[in-house]
Amino acid sequence: MIDYELLLKEFGKIENCKKIESEELKTLGYNLSKDSIVWEIQTELTFNNKNINVVFYLSFLNDFPFVVPKIFISKENYNDLKYIPHINHDLSICIFDEGLNLILPKNDFVGLIELIISKAKKIIRDAEDVEYKKNEFKREFKAYWVLNYSKNDITSNLGFHSINENSGEEIKGIKFTNNYLSNYEYFIGNNDADFKKIKEYAKEQKCSFKEVGILLIENEFIEPPFELTFADTLAILKKDNNNYNKFKELCRNNDFDCVLVIFINSNNSSNEYYGWTYQNAEILSRKKGGSRNVSSKIDHLSNRINEKKYATRLTFDNISINRLQLRTTGYTETQNSVAISGLGSVGSNLVFFLKNLPINKFNLIDKESLSSENIKRHLSGFSLLKNNKVDAVKNDLKNTNPLIEVKTKVKSVTAIIQTETDYINDCDFHIVAIGKTMIEEFILNAVIEGKLIKPTFIFWVEPFLASGQMLFIMPNDAERALAFIKKENYDYSVLSNSENQQDKTYLIEGSCQTGYFPYSASYLIQFLSSIFPYLKEHIANNDNVSKVYSWIGDKELLKSKGLVITEFGTNNNSYKLIINDL
């Protein structure tokens, strides 16, 4: 328990401070937690060669000292000094990056508070340096671009993009009209393939769209405030006659809210995209019996009704595959592609793991629909029942990122191999999770014959998940793999295949065609989690040595079911992963 009265008394020896009572706190108008303890700290600092008095408010949340106290500058001081980098719209001052795992001192709270106050003063003093201030505003441009500087100012974080900086292609855009797409209104990009994916995803989400006009200009913005009237935007555009003429052409051919002026803010070797549009522009009505009193459509933006309206400032989030990869792992990786045959419980849950690897293309194959008995251990759930399994998994992948390329075939893999092998061969890897030995043999024969030419994974599990198996097979080793899986007694089975065990491992609910092999979803995830590092090595790190991976399940469970365990199962512990060369 912290004694705040004693702490206030001790810090009062350094700075002039007092506790703000709850009634006075309400009059300050700050966004403070009602449970917080707030101090007013009156101090001074040198700014522009003058001593100035400054008032800070220090807020201790009820979970202090596990979180850093927040410090605010008084509204009066801020109005005199603004705009200063690292001071937020709520007048809080960014002292520490909250993303860091800070360890606060447990025995020197006075020293911590003194450090916070000194850093707050430094942030204000640093604003005297014009070059520093300029660079900081550029580095934190987004924080100030999205601020509302007045009650009529309009900002919108309703844009996203996948612009390839090295493409050199023209930037185009679309506006979503009847509904926002995942809370976005605009998409811009310079890659036709990405546009195709976004449009397909929008259609699936029943989201209409139309083309918009894009004008890319130089960044004119150095420091806030960034609020822009229509007249302000026209003044910027008129500085470059070529841009102004392009803008007039865009206005002639599009509605005003479908004309986007965008620019780049370069920061830390990456480009951020911002811009504005005219969402509340009014078109003057035609005079009765005569023509409009404007010479071109663009003149509507500068008429007396519109000129003082505020443009809607836009921010575009970058959802490109490379950017999200960099944001996730800290580095970019070569993207791969996989064809997956079988999207049942094993195949669908594999997708959960695969989408965390550098894979940007999935070709899915399964002829079955998702039924009620599937949902306990399938990746997809109740909301997608009676959909084709490939479509259910596609939905999950596209909701992760619509720029992932996902194709589907509601067919058996045997039909695909007979009629359209390129659907599999166009991918870097083929993953088979069907659990039918005859189909696996058919696939391996197709590899031996040269119809299928890519490395192949084969997954299956034994009943009660006595074991989980993964074979990684390079094409040249397919003949050896075929001989291996055709053995009457598979070398790494945990359950004996004697016929008298079948009534214990193949359960029937009632009528014909209701039989199933039981196994727990939790054991399935244990198996896939254990195998995942090796799956990653083969896909992402080019390990091209054919291997056999065997995960041992819960042997105590098997014994409780009265099941006979093989010598291989007996000799290995539960939950152990055994790796052998093929």
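1. Glutamate 204 sits in helix 7 (residues 192–204); helices (H or I, at least four residues) and strands (E, at least two) are DSSP runs, numbered from the N terminus. The model is predicted: local features need pLDDT of at least 70, side-chain atom pairs count only at pLDDT 80 or more, and totals for chains, interfaces and linings use all residues. Residues are numbered from 1 along each chain as its sequence is written, and side-chain values use heavy atoms, with hydrogens and water left out.

2. Glutamate 204 counts as partly exposed because its relative accessibility is 39% (buried is under 20% relative accessible area, exposed over 50%, partly exposed in between; 1.4 Å probe, protein chains only). Its side chain makes a polar contact with the side chain of lysine 394, at 3.1 Å (a pair of N or O atoms within 3.5 Å; within protein, one must be able to donate a hydrogen and the other to accept it, and residues adjacent in sequence count only if both atoms are side-chain atoms).

3. In helix 8 (residues 230–237), the buried residues are Phe230, Thr233, Leu234, Ile236 and Leu237. They lie on the same side of helix 8, because they cover an arc of only 155° around the axis (taken from the directions from the helix axis to the C-beta atoms). Their cover includes strand 8 (209–216), helix 9 (241–253), strand 9 (259–267) and strand 10 (270–277).

4. Strands 9 and 10 run antiparallel and are joined by seven bridges (two strands pair if DSSP finds at least two bridges between them). Tyrosine 273 in strand 10 is the bridge partner of isoleucine 264.

5. Seven strands close into a barrel, ordered 5-7-6-8-9-10-11, with mixed pairing.

Notes:
Contact means heavy atoms within 4.5 Å.
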